[in-house]
Amino acid sequence: MTSSPLPAQPGTVTAAQPGTEKGVQPGTVAGTAASLRELLSADARHVAPLILGAVLTHDGRDGSVSVRITEVEAYLGPHDSRHPDPGSHTFRGQTARNAPMFGPAGHLYVYFTYGMHHCANIVCGPEGVASALLLRAGEVVAGHELAGARRPTSKSDIDLASGPARLATALGLTTADSGRDALAPPFRLELPANPPEGAAVGISSGPRVGVSGAGGSHDYPWRFWLSGDPTVSRYKPAKPARTVKARNARGG
């Protein structure tokens, strides 16, 4: 189920030195919003390995929670675009719901699914080109008490953000945040000080989780995760979609 991820594009970001900016999590570096947006403006499949290990923080009204990203899925564009993606919300074109995926890189696309869960994406690619990374799983590294209050059914810190709905809930994200800039207050994104490509832990890739049809096949190995990380969600193939509601519950 693993394959080599697409090579990252080097030289796109000049980040600050570790510890030079207030609020930087240990093991991360905070670049300028412009440099981070430049990185995110690339193909989501190239961005995905670079985002693994990054920390996303939400300073909400009830407190702050930070999550280290350990698993993402890349989603691309409509059927008539340069990179058609049958697993993407944008495959049939732009709608009011998926419009943030066509917007500026670094913004959030948050959607509601199955009548109970929110899932969060970070938009990638140039503006006007649909592309995003679904934040599938992560590790809460700050704000454990608040994350636990939001996720009272979690049995341990490991599963506080292990899964896209859990991650969005731990961070306090809802559809009200869709379209907001993840690189500006009350949000903060900090890249890993030591990119996973050079770490012993390594990166794996494979089919996306729960995506029906061709988009969930091995032809689209666009799920990327930190190999061996305990917070990574369990792989589950999609069940055949029987209703429109089921089809609309796909990721990204």
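1. The structure holds 12 salt bridges. A salt bridge here is a side-chain nitrogen of Lys or Arg within 4 Å of a carboxyl oxygen of Asp or Glu. Side chains of opposite charge can pair when their charged atoms come close. This is a predicted model: local features need pLDDT of at least 70, side-chain atom pairs count only at pLDDT 80 or more, and totals for chains, interfaces and linings use all residues. Residues are numbered from 1 along each chain as its sequence is written, and side-chain values use heavy atoms, with hydrogens and water left out.

2. Confidence first. pLDDT is the predictor's confidence in each residue, from 0 to 100. The protein averages 84, and 79% of the residues score at least 70. Two stretches need care. Over residues 1–22, pLDDT stays under 50, and the model has 47 contacts for them beyond four places in sequence. Residues 243–250 also stay under 50, with 15 such contacts. A contact means heavy atoms within 4.5 Å.

3. Now the overall layout. The protein has five helices and nine strands. Their order along the sequence is β-α-α-β-β-β-β-β-α-α-β-β-β-α. Helices (H or I, at least four residues) and strands (E, at least two) are DSSP runs, numbered from the N terminus. Among contacts between residues at least 6 apart in sequence, 64% join residues at least 24 apart.

4. Next, the surface. The accessible surface is about 11400 Å², and carbon and sulfur atoms hold 54% of that. Such areas come from the Shrake-Rupley method with a 1.4 Å probe; for residues, only the protein chains shown count as cover. Of the 252 residues, 52% are buried. Buried means under 20% relative accessible area, exposed over 50%, and partly exposed in between (1.4 Å probe, protein chains only).

5. Look at helix H2, residues 44–51. Eight of its eight residues are buried. They run through Ala44, Arg45, His46, Val47, Ala48, Pro49, Leu50 and Ile51. Gly53 follows H2, and its phi is positive, near 95 degrees.

6. Strand E2 pairs on two sides of the record of bridges. Two strands pair if DSSP finds at least two bridges between them. E2 and E3 run antiparallel and are joined by six bridges. Leu56 has Val67 in E3 as its bridge partner. A hairpin of two residues joins E2 to E3. E2 also pairs with E7, again in the antiparallel sense, over four bridges. There, Thr57 stands opposite Arg188 in E7.

7. Back to the salt bridges, starting with Arg150 and Asp62. Their closest N and O atoms are 2.8 Å apart. Arg150 sits in helix H3 (residues 144–150), while Asp62 lies in the loop between E2 (55–60) and E3, 88 residues apart. Asp62 is exposed, at 52% relative accessible area.

8. Arg68 and Glu139 meet in another salt bridge, 2.8 Å from N to O. Arg68 belongs to E3 and Glu139 to E6, 71 residues apart. Glu139 is partly exposed, at 29% relative accessibility.

9. Is the Glu71 and Arg223 pair buried or exposed? Both residues are buried. Their salt bridge has its closest N and O atoms 2.7 Å apart. Glu71 is in E3 and Arg223 in E9, 152 residues apart. A network of salt bridges links Glu71, Glu73, Arg136 and Arg223.
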